[in-house]
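Thanks for coming, everyone. I have one structure to walk you through today. Please have a look at it first.

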Amino acid sequence: MTQISDDTGIRQSIEPTVGHILIVDDHPLFSNGLGDLLLREGLAGHIDHARNLNEAQQQLSAAPGIDLILLDLRLPREGGLALMPFLASAGLPTPVIVISSAEDEGTVRAVQAAGVQGFLPKSAGRRQLVRVIRAVARGETAFPASLPPAASPSGLTPRQQQVLTLLAEGLPNKRICQVLDLTEHTVKTHVKAVFQQLDVHNRTECVALARSLGLISDRLGVLDADQRSP
């Protein structure tokens with residue numbers, strides 16, 4: 001139960017919107033302030049903090065009962081979205097709301113493509129914070145109303161992710177065909193789909209945005225043999 005005061009100053013007990021929230025952000029002043037606000041507004045019953053992806057993964061492994069993750073988009077060494085593959089591989093269906101100082105359309109679309117449930121700009125006020133967290137807690141998605149839904153809420157397909165990785169390595173379409181054993185037409189179709197998901201128009205823009213968002217690593221290597229099968 002969370003204690004809050006009504007207009008008369010009388011403290012009342014309410015059930016928090018979300019039981020346990022993990023905030024992943026490397027700025028303690030922002031992270032602690034956000035955590036205090038969530039508790040004060042009755043949006044969370046318990047708050048934990050992680051400063052980077054390694055700490056977040058350790059806490060998620062140790063406390064699988066975490067109900068919601070508030071994830072900073074830009075973390076030291078890796079983009080925040082690099083946490084998404086870990087959640088998938090660990091079988092953790094924990095909903096994620098990305099918090100970001102970047103609010104442009106391309107960033108929001110890339111976040112949607114990664115499969116998170118909500119987006120919250122760091123400039124958001126109290127009302128927007130409450131609205132987004134309550135929506136995600138109800139099992140809904142929460143993104144800026146001006147944007148249409150992402151083409152695929154589940155994010156890039158495994159094949160599209162492989163194509164994106166090879167684009168980041170600088171491989172031309174013909175070489176991607178050889179690596180993945182696909183026809184050139186199929187590769188072009190996947191490249192077009194990736195561009196649409198990230199709302200970009202060329203390879204340079206695609207790779208730069210994907211890398212900054214943590215969709216691909218700065219340390220890339222050739223795909224393993226078992227990743228090349230259709």
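I will go from the whole chain to the sheet, then to one residue, and end with a pair of helices.

A word on the model before the details. It is a predicted one, where local features need pLDDT of at least 70 and side-chain atom pairs count only at pLDDT 80 or more, while totals for chains, interfaces and linings use all residues. Residues are numbered from 1 along each chain as its sequence is written, and side-chain values use heavy atoms, with hydrogens and water left out.

So, how confident is the predictor? pLDDT is its confidence in each residue, from 0 to 100. The mean for the protein chain is 82, and 83% of the residues reach 70 or more. Strand 5 has the highest confidence, at 96. Strand 1, residues 2–5, has the lowest, at a mean of 46. One is residues 2–8, with 20 contacts beyond four places in sequence. Another is residues 150–154, with eight such contacts. Contact here means heavy atoms within 4.5 Å.

Now the whole chain. It has nine helices and seven strands. Both are DSSP runs, numbered from the N terminus: helices are H or I with at least four residues, strands are E with at least two. Of the 230 residues, 47% are buried. Buried means under 20% relative accessible area, exposed means over 50%, and partly exposed is in between, with a 1.4 Å probe and protein chains only. Take the contacts between residues at least 6 apart in sequence: 64% of them join residues at least 24 apart.

On to the sheet. In what order do its five strands run? The order is 4-3-5-6-7, the sheet is open, and the pairing is parallel. Two strands pair if DSSP finds at least two bridges between them. Strand 4, residues 44–50, and strand 7, residues 118–121, are the edge strands, each pairing on one side only. From one strand to the next, the twist averages 20°.

Let me go pair by pair. Strand 3 and strand 4 are parallel, with six bridges. There, His20 has His46 of strand 4 as its bridge partner. Strand 3 also pairs with strand 5, again in the parallel sense, over four bridges. Ile23 stands opposite Leu70 of strand 5. Strand 3 is mostly covered, with six of its seven residues buried. Then come strand 6, residues 96–100, and strand 7: they run parallel, joined by four bridges. Val98 faces Phe119 of strand 7 across that pairing.

Two helices pack on this sheet. Helix 1, residues 28–40, touches strand 3, strand 4, strand 5 and strand 6. Its direction makes about 170° with that of strand 4. Helix 4, residues 105–113, touches strand 6 and strand 7, and its direction makes about 150° with that of strand 7. For these angles, axes are lines fitted to C-alpha atoms, for helices over the stretch in contact, and the angles run from 0 to 180 degrees between N-to-C directions.

Why call helix 4 largely enclosed by the rest of the structure? Because eight of its nine residues are buried. Among them are Val108, Arg109 and Gln112. After helix 4 comes Gly115, with a positive phi near 95°.

Let's zoom in on Phe119. Its place is in strand 7. Is Phe119 buried or exposed? Phe119 counts as buried, because its relative accessibility is 3%. Its contacts beyond four places in sequence include Ile97, Val98, Thr107, Val111, Val132 and Phe143. Ser100 is another of these contacts. Phe119 and Ser100 are 19 residues apart in sequence, and 7.8 Å apart in space, C-alpha to C-alpha.

Last stop: helix 7, residues 173–180, and helix 8, residues 184–198. They pack at about 105°, with axes 9 Å apart. That makes helix 7 roughly perpendicular to helix 8, a label for angles of 65 to 115 degrees. Helix 7 brings Asn173, Lys174, Ile176 and Cys177 to the contact, and helix 8 brings Glu184, Val187, Lys188 and Val191.

Asp181 lies in the loop between these two helices. Asp181 is exposed, with a relative accessible area of 58%. Its phi is positive, near 55°, in a residue other than glycine. Most residues other than glycine have a negative phi.

Notes:
pLDDT is the predictor's confidence in each residue, from 0 to 100. Angles under 35 degrees count as roughly parallel, over 145 as roughly antiparallel, 65 to 115 as roughly perpendicular and the rest as oblique.
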